[in-house]
Amino acid sequence: MTEQPENTEETEETPPEAEALPPKERRRRERSAHADARPPRTAEERQADRVEERRRKATRRRAYRAQARAKGAERRAAAAPAEEAPPLHPDLPKGRRKVRQGVVVSDKANKSITVRIDMARRHRMYGKVVRSSGTLHAHDERNEAGIGDTVSVVESRPLSRTKRWRLVEILERAR
């Protein structure tokens with residue numbers, strides 16, 4: 001006689017309803033049944049965990065920043081004190097003013113001229129000479145420059161919305 005197992009459920013590895021599942025679903029259930037899975041939590045519990053995590057990170061961040069500040073202050077104290085420059089007189093100009101040379105293209109406005117500045121420079125990679133031009137507005141106090149004149153202008157404080165240059169001299173008159 002052959003012996004029959006008393007309890008059929010103990011000898012089988014998988015329950016009969018698991019065999020009816022497709023393989024993908026079976027694998028998904030096996031993965032989700034691991035031992036260290038946490039029980040489902042409520043939204044309030046998840047929010048409380050988030051708040052606690054943020055509080056912990058903020059504490060660590062504050063400690064790190066305080067340590068960095070202390071280290072920076074220590075480094076600055078160890079460095080030799082830099083010599084302070086003597087204060088400049090407020091009336092003295094600071095730096096050099098730009099000077100440009102160009103041709104007057106318009107003198108219609110009163111005490112103002114429009115000057116075309118031609119620039120030629122070598123291309124950095126190809127070495128070809130690239131020519132470009134720009135216009136600027138300059139103050140001509142005595143209205144002495146005319147169209148076609150070659151003039152020299154110098155940078156100045158803003159005199160109007162577009163005028164930031166002054167006429168220095170007329171280098172060559174138009175014929």
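**Overall picture**

I began with the surface: the accessible surface of the protein comes to about 16000 Å², and 50% of it belongs to carbon and sulfur atoms. A reminder to myself is that this is a predicted model. I then checked burial, and 15% of the 175 residues count as buried. For contacts between residues at least 6 apart in sequence, I found that 46% join residues at least 24 apart.

**Helices, strands and the barrel**

Next I listed the secondary structure, which gave me 4 helices and 5 strands. Along the sequence I read the pattern α-α-α-α-β-β-β-β-β.

In what order do the strands close into a barrel? I traced β1-β2-β3-β5-β4, with mixed pairing. Neighbouring strands of this sheet are turned by 50 degrees against each other on average, direction ignored.

I looked at one pair in detail: β1 (residues 99-106) and β2 (residues 112-122) run antiparallel and are joined by 3 bridges. Within this pair, I noted V104 opposite V115 in β2.

**H139**

My next stop was H139, which I found in strand β3 (residues 129-139). Is H139 buried or exposed? Its relative accessibility is 18%, and because the cut-off for buried is under 20%, H139 counts as buried.

I went on to its neighbours. Leaving out residues up to four places away in sequence, H139 touches K111, L159, K163, W165, R166 and L167. One of these, K163, also takes part in a polar contact, side chain to side chain with H139, at 3.0 Å. I also compared positions along the chain: H139 and S112 are 27 residues apart, yet their C-alpha atoms are separated by 4.7 Å.

**D149**

I have D149 down as buried, with a relative accessible area of 3%.

Which backbone atom does the side chain of D149 reach? I found the backbone nitrogen of A174, at 2.8 Å. A174 is also among the residues D149 touches, and I wrote down the others too: G102, V103, V104, E144, I170, E172 and R173, again not counting residues up to four places away in sequence.

Technical notes:
Residues are numbered from 1 along each chain as its sequence is written. This is a predicted model: local features need pLDDT of at least 70, side-chain atom pairs count only at pLDDT 80 or more; totals for chains, interfaces and linings use all residues. Side-chain values use heavy atoms; hydrogens and water are left out. Helices (H or I, at least four residues) and strands (E, at least two) are DSSP runs, numbered from the N terminus. Buried means under 20% relative accessible area, exposed over 50%, partly exposed in between (1.4 Å probe, protein chains only). Contact means heavy atoms within 4.5 Å. A polar contact is a pair of N or O atoms within 3.5 Å; within protein, one must be able to donate a hydrogen and the other to accept it, and residues adjacent in sequence count only if both atoms are side-chain atoms. Accessible areas come from the Shrake-Rupley method with a 1.4 Å probe; for residues, only the protein chains shown count as cover. Two strands pair if DSSP finds at least two bridges between them. Axes are lines fitted to C-alpha atoms, for helices over the stretch in contact, and angles run from 0 to 180 degrees between N-to-C directions.
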